[in-house]
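The sequence and the coordinates are shown next.

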Amino acid sequence: MDYHAPESIHAAISLLVNAEGDARVLAGGTDVLVQLREEMIEPNHLIDIKNIAETRNISICAKEVRVGAAVTGAELGEHPKVKALWPGVVEAVGLIGSHQIQSRATMGGNLCNASPAADSVPALIAADGKVVIAGPNGERKISIEDFLIAPGKTALAIGEFVVALALPIPPTRTADAYLRFIPRTEMDIAVVSAGSAITLDEDGKCTHARLAVGAVAPTARLVKSASGILVDGLLDDDRLEQLAQATSAVCEPIDDKRGTVAFRTQVAGVLACRAVKLAWQRAMERDI
Amino acid sequence: MSKHFVSAIVNGDEVEFRCDSGETLLDVLRTKLYLTGTKNGCGTGDCGACTVLMNGRAINSCLVLGAECSDMSIETIEGMAVGGELHPLQQKFLDHAALQCGVCTPGILNMAKALLKENSNPSETEVRFGLAGNLCRCTGYDKIVRAVMDAAAEMRARRT
Ligand code: FES
Ligand code: FES
């Protein structure tokens with residue numbers, strides 16, 4: 001195996017395109033190095049993208065927040081502006097692993113590892129995040145939902161890699177939240193998770209809602225009917241009940257040592273309601 | 001296997017080493033630089049025994065490649081005592097008997113050092129949370145937590 005540390009997007013793409021044999025992209029390494037050691041992957045080339053400026057920056061413009069694919073969880077958590085704009089996304093990333101892991105792990109890597117239980121993913125989907133992909137044909141931007149295809153499988157084609165994740169600048173009175181169920185207090189893999197983003201009007205009525213659940217299907221899922229249930233209304237028990245049912249209906253979980261199908265399906269509905277309530281409450285507290 | 005030539009700072013000293021692409025910082029520290037105070041517990045980021053500081057942040061050295069360390073500043077347990085004087089954390093670990101076999105101790109000391117740099121007055125919950133990535137199979141953690149709290153108090157007192 002050969003380690004490469006290109007310093008530009010262009011150099012990384014040409015390494016990926018011209019690599020003989022299998023090439024893997026390395027960011028924080030908290031998944032890739034484990035997979036290497038356990039011989040789950042045996043690449044001929046390891047392409048470290050951390051020396052490429054675009055992967056290391058957080059930039060905010062009028063339209064979006066761009067978080068470079070190699071920005072660590074710790075760095076994201078220390079960024080007051082991103083935290084203020086999308087608290088749920090930042091909290092979700094902060095839940096990944098120990099302090100030591102946070103010093104290295106990245107949101108881009110969490111996404112590309114494509115685990116059904118990845119903490120950042122439901123939050124990113126709820127926030128309507130996009131993946132910024134560089135490749136031999138230039139840059140393309142696709143939704144998180146379209147990027148994730150199956151466990152461990154993404155929409156990246158040969159020669160492509162993720163440069164950054166883009167989050168929209170949220171409209172006025174918008175907030176998000178992410179919650180997960182784990183049997184211990186910390187350092188665990190989500191059994192079920194839910195992320196939500198809610199926008200309210202001046203009267204506290206919902207104008208926009210997104211909800212996604214994780215660990216209950218091969219990839220995290222957007223609960224498409226959530227918007228129809230919540231938009232144009234206030235938060236009441238009837239709507240929450242409908243929301244729980246709609247969420248459980250999109251679940252196709254597996255039985256494993258962490259949870260049964262029945263448990264995951266029910267808890268997804270419960271967590272979805274809690275995540276919506278929390279995002280709603282945060283949106284109400286916003287003065288902008 | 002390609003050989004990488006890496007220069008880095010380890011415990012304040014400039015060092016140079018060669019490593020293969022697949023060698024971790026943990027391998028390099030233990031087998032190239034003979035700094036065997038850093039322990040190998042799991043090799044997969046679960047136990048924290050290999051914790052060192054890299055540019056001031058606590059990391060699992062088993063999850064970093066040697067080749068990634070160019071120009072990085074690494075702090076290991078060997079650099080913790082200065083001029084023969086134990087760091088307050090080390091002294092408090094002795095005072096509280098916060099170690100038994102000692103395999104987890106270098107990693108825990110480094111993690112605690114990083115925590116106290118961020119938060120000089122942590123609550124017990126914050127210490128326990130901060131050390132959640134460090135496993136100890138001997139002590140039951142209580143003495144470790146007490147030693148860290150006590151060291152934090154002493155370090156605050158020294159500063160005033
Ligand atoms: S040896 Fe690195 S975390 Fe266990
Ligand atoms: S003292 Fe033995 S593992 Fe902690």
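How many helices and strands are there in chain A?

## Basis

This is a predicted model, in which local features need pLDDT of at least 70, side-chain atom pairs count only at pLDDT 80 or more, and totals for chains, interfaces and linings use all residues. Residues are numbered from 1 along each chain as its sequence is written, chains are lettered from A and ligands numbered from 1 in the order in which they are written, and side-chain values use heavy atoms, without hydrogens and water.

## Fold of chain A

Chain A has 13 helices and 14 strands (DSSP runs numbered from the N terminus: H or I of at least four residues for helices, E of at least two for strands). With a radius of gyration of 19 Å, close to the 19 Å from the globule rule for 288 residues, chain A is as compact as a globular protein of that length (radius over C-alpha atoms; rule: 2.2 Å times the number of residues to the power 0.38). The C-alpha trace of chain A spans about 60 × 45 × 35 Å along its principal axes.

Of the contacts in chain A with a separation of 6 or more, 61% join residues 24 or more positions apart (contact: heavy atoms within 4.5 Å).

In chain A, 53% of the 288 residues are buried (under 20% relative accessible area, 1.4 Å probe, protein chains only). Thr30(A) lies in the loop between β2 (23–26) and α2 (32–37) of chain A. Its relative accessibility is 16%, so Thr30(A) counts as buried. Leaving aside residues up to four places away in sequence, Thr30(A) touches Ile101(A), Arg104(A), Ala105(A) and Leu63(B).

Definitions and conventions. Buried means under 20% relative accessible area, exposed over 50%, partly exposed in between (1.4 Å probe, protein chains only).
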